Amino acid sequence: MDGTKKMYGLLMLRAYKESIDSSFQYLRDNEEQRKRIRCAVALHLKLPAQVIVKSGTEWALIMEMDDNTFQRHLRVTKAQFVFFTQKIQEKGMNDMHPCGGPDNIPMQKKIVMFLWYLANQNSFRELSDKFDVSQGAAHNVIVEVLDLTCLLASSFITWPTDCEKRANTAVFSRVCGIDGIVGAIDGCHIKIQRPPIRGGDYLNRKSFYSILLQGIVDDQGKFIDIFTGPPGRVHDSRMLRASPFFENWRQSMGPYKLLGDTAYISHTYPFIITPKRDNGALTVQDQQLNARISRGRVVVEQAFGRLKCKWRRLRDLQNSHVDIVVKIIVASCALHNMCIGLAEGACNEHPHGCPRQEDDNN
């Protein structure tokens, strides 16, 4: 009997040991599986298309990137960065700390921070963490470079000369078959937070708060005139009448015309060629003319799409201070023109044209 109990106890002990061994083996296999997953994720993150810059105190590593990676992060090429830095330096930028701190902030670092701010939608907390500065210093750096960029805007956004007008008309004539066209005009919404003063005026018909940007572009999609600041509820036609361009349109336009959409149908704007409204009674000739106008004015649609694709801060400014919002828009348009002026190619992400968000004001 004792022998039987002893045998039974040994069998139970062996079964228990096997159960324990099986459990440990399962845990080891599970841990190995987790290790393999972590290694696969780490390898995936190291791929060129997934490079995520964590510069911190080593912000200068950004300047050592290849041109493609540099442009993906800062939205400008290295040559454009050098050109912009020279222009900013001419306006008085230096290495002084914007808050009067003991440690200077290199001018290159300030430019990198500013371009990163416009190219992304990071908060100042994230920006300060990324570039190893205080939030106050990050804010002051952005404001400092923003003010200087706005001073440069008048040299980047210029009305075409007579020679340039003739070149523009030749291109538009080839594209849409309409002579005497020097540009296209349109307006778009820039999303913001509700301003503290008269905030209801900024609620547009699409049910979000916005500031309007009126842009006139040439055949390349380059802004030749901009006007921004009116609240989102204002119609494009009214915005045009309020703009400085409208006060001097006779002198600016001369015998030339612009292409616009139906928002500009009015005897008040004899310098804008617009399509006829489709009321169901358009003739074949009217439909053909509308199609040609649409082919010509698509360049301004593409310009707004490219502007917001490159400077993604404009997709949602998350700012309620109208004066700062206006400066950000003007600076973004100036940089847009700078990049086109330095022979920038097509967008790497959208080689056939950047999609435009639902931001029109029709």
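## How α3 crosses α4

Let's start with a pair of helices in this predicted model: α3 passes α4 in a right-handed crossing, meaning that the near helix is turned clockwise from the far one by less than a right angle. Helices here are DSSP runs of H or I with at least four residues, and strands are runs of E with at least two, both numbered from the N terminus. Helix α3 spans residues 78-90 and helix α4 residues 107-119; they pack at an angle of about 115°, and their axes are 11 Å apart. Axes are lines fitted to C-alpha atoms, for helices over the stretch in contact, and angles run from 0 to 180 degrees between N-to-C directions. The two helices are therefore roughly perpendicular (65 to 115 degrees; under 35 is roughly parallel, over 145 roughly antiparallel, and the rest oblique).

On the α3 side, the contact (heavy atoms within 4.5 Å) is made by F81, F84, T85, I88 and Q89, while α4 brings M107, Q108, I111, V112, F114 and L115. Sorted by class, that gives eight nonpolar, three polar and no charged residues. Nonpolar covers Ala, Val, Leu, Ile, Met, Phe, Trp, Tyr, Cys and Pro; charged covers Asp, Glu, Lys and Arg; the others, Gly among them, are polar.

## A look at V82

V82 also belongs to helix α3. With 45% relative accessibility, V82 counts as partly exposed, a class between buried (under 20% relative accessible area) and exposed (over 50%), using a 1.4 Å probe and protein chains only. Its C-alpha atom is separated by 9.9 Å from that of I111, 29 residues apart along the chain.

## The sheet and its helices

Five strands make an open sheet with mixed pairing, ordered β3-β2-β1-β4-β5; two strands pair if DSSP finds at least two bridges between them. At the edges stand β3 (223-231) and β5 (272-273), each with a single partner strand, so one side of each has no neighbour in the sheet. Strand β4 (residues 257-259) pairs with β5 in the parallel sense over two bridges, and L258 stands opposite I272 in β5.

Helix α11 (residues 284-310) lies across β1, β2 (210-217), β3, β4 and β5, running at about 40° to β1.

## The whole chain

The chain holds 12 helices and five strands, and 44% of its 362 residues are buried. Among contacts with a separation of 6 or more, 65% join residues 24 or more positions apart.

## Reading the numbers

Residues are numbered from 1 along each chain as its sequence is written, and side-chain values use heavy atoms, leaving out hydrogens and water. Local features need pLDDT of at least 70 and side-chain atom pairs count only at pLDDT 80 or more, whereas totals for chains, interfaces and linings use all residues.
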